[in-house]
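Subject: the model, and some notes on it

Hi,

Here is the structure I promised to pass on.

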Amino acid sequence: MKKRQTQARVPRCKKCGAPAVIYMRQHRLALCETHFQEWFVNYTQRTIEKYHMFGPEDRVLVAVSGGKDSLALWDVLTQLGYRADGLYIGLGIDEGTQYSQRSLEAVRGFMAERPGLRLYVVDMKEAYGETIPELARRVRRGRGKPCSVCGLSKRHIMNELALREGFDVLVTGHNLDDEAAVLFQNTLRWQTGYLARQSPVLEATHPGLVRKAKPFCRFYEREVAAYAIVRGIEYQYDECPFSVGATTIYYKELLNQLERHSPGSKFQFYTQFLKAKKKGLITFHEPEGEVVLRPCRICGQPTTAGEICAFCRMWVRPDMDLEEAKRSVPSLTFRVETSESEEG
Ligand code: AMP
Ligand code: FES
Ligand code: ZN
Ligand code: ZN
């Protein structure tokens, strides 16, 4: 009698009955290694379709940081047969840990095992003359931390490269933990503008914007980590050294506490928000007249910040005329690396 109870508690794969490697409470689903991989890839495809992210003909640019999420995403999109190239931005963050260098090595290691991939590499120091920490120090933004300059630069570069190289969509590795933390933070402050825009897919609402999508937005971080491990992906484990003490980490921890008490709550919080928004049960409006998007006079990307966007302004002084300002902003340069195609 006792023995039978113990046996009943061993989670078994729902598909084949083998010992399960993961149990996903929100789906009431236990799966073995093989069926988990299969499910993970299919569920990504279902998310892509559910939110109309992109189709088989689209050219997809995957922003890869070397971390588990973005490498797992590139792996899945390739398996699904999408035309997906990578983009790595070398931020020049070393701070004694060689963080950026090791991130690029993780991306290259990933590619070495997957012939035929193409990677765009933008190196901040080469392209703009300064690493992210150097740039942040010079423009004195972010109270000693380069994170805001970094976020702004990454968004700008990803968008510019995707448009210039003719990609239909830019995808990032954001997972459910990331999205739920942002949603939580914005809800606590009733940031209606941000809540209106938070979505698994952002349409290109302006000629200077590329469409953006987050195909992993319904996966818990632990599920992505499990997938990366069973696929043998050697990713960069370390977080950026500047992320210590970041507010999103604090919100993630609060949500993890909630999740421990009430498993599945993170998933419900995020997906029910999207559902209610889609059905029109909750609507948010941008404050009228406040948000006016105009193309930046230097780079053409839309900005709410006036004539010149926040990225270009990092190189422009107030006394410059437009021509001088245009000359001062370095233009984007990049190189392309490919993993050798299989011989024969
Ligand atoms: P993070 O903001 O670091 O949580 O990263 C979110 C997503 O942005 C990642 O999953 C990647 O898709 C992308 N990303 C972050 N850092 C880089 C980078 N240095 N180069 C290219 N993509 C990046
Ligand atoms: Fe940009 Fe840390 S400051 S990744
Ligand atoms: Zn199985
Ligand atoms: Zn600009």
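V62 touches S70, L73, W74, L77, A84, G86 and V171, not counting residues up to four places away in sequence; touching, or being in contact, means that the C-beta atoms of two residues, placed from the backbone, lie within 7 Å. V62 lies in strand β3 (residues 59-63). Helices (H or I, at least four residues) and strands (E, at least two) are DSSP runs, numbered from the N terminus. With 27 C-beta neighbours inside 10 Å, V62 counts as buried. The cut-offs there: 20 or more other C-beta atoms within 10 Å of a residue's own for buried, 12 or fewer for exposed, and partly exposed in between, with C-beta atoms placed from the backbone. Between the C-alpha atoms of V62 and E165, 103 residues apart along the chain, the separation is 13 Å.

Before going on, the housekeeping: this is a predicted model, so local features need pLDDT of at least 70 and side-chain atom pairs count only at pLDDT 80 or more, while totals for chains, interfaces and linings use all residues. Residues are numbered from 1 along each chain as its sequence is written, and chains are lettered from A and ligands numbered from 1 in the order in which they are written.

Back to V62. Together with V60, L87, V169 and L170, V62 touches the most other members of the largest nonpolar core, which has 85 residues. A nonpolar core here is a set of buried Ala, Val, Leu, Ile, Met, Phe, Trp, Tyr and Cys residues joined through C-beta atoms within 7 Å. The core lies between domain 1 (42-283) and domain 2 (293-327), because both give residues to it. As for V60, its contacts beyond four places in sequence are F54, L77, Y82, R83, A84, F167, V169 and V171.

Which parts of the chain make up the domains? They are 42-283 for domain 1 and 293-327 for domain 2, with bounds that come from an automatic or database domain assignment. Taken over C-alpha atoms, the domain centres are 26 Å apart. Ten residues of domain 1 are in contact with nine residues of domain 2. On the domain 1 side, the elements giving two or more residues are α6 (132-139) and α7 (147-164), and α7 has the largest share with five residues. By type, that side divides into four nonpolar, five polar and one charged. For the classes, Ala, Val, Leu, Ile, Met, Phe, Trp, Tyr, Cys and Pro count as nonpolar, Asp, Glu, Lys and Arg as charged, and the others, Gly among them, as polar.

Next, a helix pair. Helix α8 (residues 176-188) and helix α11 (residues 247-261) pack at about 100 degrees, with their axes 9 Å apart. That makes α8 roughly perpendicular to α11. Axes are lines fitted to C-alpha atoms, for helices over the stretch in contact, and angles run from 0 to 180 degrees between N-to-C directions; under 35 degrees counts as roughly parallel, over 145 as roughly antiparallel, 65 to 115 as roughly perpendicular and the rest as oblique. From α8 the contact takes D177, A180, A181, F184 and Q185, and from α11 it takes T247, T248, Y251, K252 and L255. Those residues divide into five nonpolar, three polar and two charged.

Helix α10 (residues 221-230) has E223, V224, A226, Y227 and A228 as its buried residues. Their cover includes β1 (22-24), α2 (33-50) and α3 (68-79). Just after α10, G232 takes a positive phi of about 70 degrees.

S103 sits in helix α4 (residues 99-112) and counts as buried, with 23 C-beta neighbours inside 10 Å. Leaving aside neighbours within four places in sequence, S103 is in contact with S65, G66 and Q236.

Finally, some loop residues. R28, in the loop between β1 and β2 (29-31), has a phi near 50 degrees, a positive value in a residue other than glycine. R28 is exposed, with 9 other C-beta atoms within 10 Å. E95 is in the loop between β4 (83-90) and α4, and its phi, near 40 degrees, is also positive in a residue other than glycine. E113, in the loop between α4 and β5 (118-123), has a C-alpha atom 9.4 Å from that of E340, 227 residues away along the chain.

Cheers
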